[in-house]
Amino acid sequence: MSDESKNLKLPLDGWHRKKGARIVPFAGYQMPIQYEGIMAEHLWTREQAGLFDVSHMGQLQLTGEGAAEALEKIVPGDISALKPGKMRYSLLLAEDGGVLDDMIITNTGKNLYIVVNGAVKHDDIAFMRAHLPGDITLDHMESAALLALQGPKAAEALARIGVEPVQDGWPVPGDLFFMEAGPFLWNGVPLGVSRSGYTGEDGFEISVPAEHVNALADALAEQDEVKPIGLGARDSLRMEAGLPLYGHDLDPGVDPVEGNASFAISKARREEGGFHGSERILKALADGPARKLVGFSIDGKMPVREGAPIYDSDDEVGRVTSGGFGPSVGAPIAMGYVESSLTGEGTILEAEVRGRRVPMTVTKMPFIPHRYHRRGKAK
Amino acid sequence: MSRYFTEEHEWIDVDGESATVGITDYAQEQLGDIVFAEVPAAGTELAKGGDAAVVESVKAASDIYAPVSGTVTEGNGALEEDPALVNSDPEGDGWFFRITLSDTGELEALMNENAYKAFVDGL
């Protein structure tokens, strides 16, 4: 933590420190890992609403005729079929089909708005520029901050601060369903709001000009339901939700099928192929991958963490890529890659921690049911 | 009985040749929510500075080093059931292990309460 100074400051840096955050380097930024404590923040988000600063993530805009079709060469999703106001989880693919990043792509109606991981955003941008035609413009929105408001009370809290439609009669953020997005105004400030997030809870992500993010964070944090939440709880929340973390559970050495992200390969794309690594990926879809990312529940209380080797009696059969204590599960949980023959639910394997074997059981993810506000499942 | 401290944020209460070891309030605060603790079994021989116990927060695992050499007489079994004791009472019920010192001279290199306080203030 000594060379903290080398890392960039977030637009909300002073705000985090004022709220008592402990700051650590992450993805090239000085970021809040916790405020009052990871456990309390995690549970608060599952019961109320947590405010996360995710401004380290890359916000990109792809503009130009044929942008969606061009993007489809390097992602396996059906982006050209994405309707205005809709968004989709996708993967940036290297030539060989390896995963360079995961991302959320939104069709704003005017362009494609893409959120990528902070740690690899500059690599992503360079890769996309190299692989997209020159008449498609890629804009890195460096003057925009990004907040996430997550939890069952997120919609109530957001409604109270007075976010308005850009035109009379248009929807308000509370009218959005999961994986829908739109433009809104807050005190005249333009916001891009989507009903999405990475905790498994209902919630929103809010793109806001950096010069207004302090005021917006204050307005949200003033709501009784809302507390600021650090990276520590963000990690335990996403793990319980069974969501992969890029650079840990996904990396260039794995393809989407191995990475348990086959759902991101759209039906139309499975038929037509034509994306990076499609031959390898479609073959893995048809024949099954050699290994796969799965979830594990752990016997006992000792956490099994990233890097732990996984054994099937004497044979090393994989490795843990994420692991820790799940505060809502009340026990340790983990994710890791194992040989396909061992990915059946209920398969009992062992991880090695400090020279000892810890039994763990292949478990269906998510560990905690998703509570998204899905269309057709309104409360 | 005297209490000593290490730069690794352990405390050690010494009564003759017997001692009790735990981590300081500063240490538990830095670690955050403790979800697992592993303490040495009675009879374990510990060398000063060697691995003695493990404490895991939500986020990470940390080693607890032996502040002095000796033989463990008891590990705190209560931590197995309730590792959060390390957070709620780090310098009391959240102790890690008891030890018979093999060289009381090792204590001379440790800090007293005032020296430790000054050390923490300087961090």
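This is a predicted model: local features need pLDDT of at least 70, side-chain atom pairs count only at pLDDT 80 or more; totals for chains, interfaces and linings use all residues.
How many helices and strands does chain A have?

Figure 1. Chain A contains 9 helices and 21 strands, taken as DSSP runs (H or I, at least four residues, for helices; E, at least two, for strands) numbered from the N terminus. Residues are numbered from 1 along each chain as its sequence is written, and chains are lettered from A in the order in which they are written. Local features need pLDDT of at least 70, side-chain atom pairs count only at pLDDT 80 or more, and totals for chains, interfaces and linings use all residues, while side-chain values use heavy atoms, without hydrogens and water.

**Figure 2. Dimensions and burial of chain A.** Along the principal axes, the C-alpha atoms of chain A fill a box of roughly 65 × 50 × 45 Å. Of its 379 residues, 58% count as buried, that is, under 20% relative accessible area (1.4 Å probe, protein chains only).

**Figure 3. Charged side chains of chain A.** Chain A carries 39 positive and 53 negative side chains, and the centres of the two sets lie 4 Å apart. Lys and Arg count as positive and Asp and Glu as negative, leaving out His and the chain ends; each charge is placed at NZ of Lys, CZ of Arg, CG of Asp or CD of Glu.

**Figure 4. The interface of chain A with chain B.** Here 17 residues of chain A are in contact (heavy atoms within 4.5 Å) with 16 residues of chain B. The two chains bury about 1400 Å² between them, 49% of it on carbon and sulfur atoms; this buried area is the accessible area (1.4 Å probe) lost on being put together, summed over both. In chain A, A:Lys301, A:Arg305 and A:Arg354 lose the most area to chain B, together 40% of what that side buries.

Note on methods. Buried means under 20% relative accessible area, exposed over 50%, partly exposed in between (1.4 Å probe, protein chains only).
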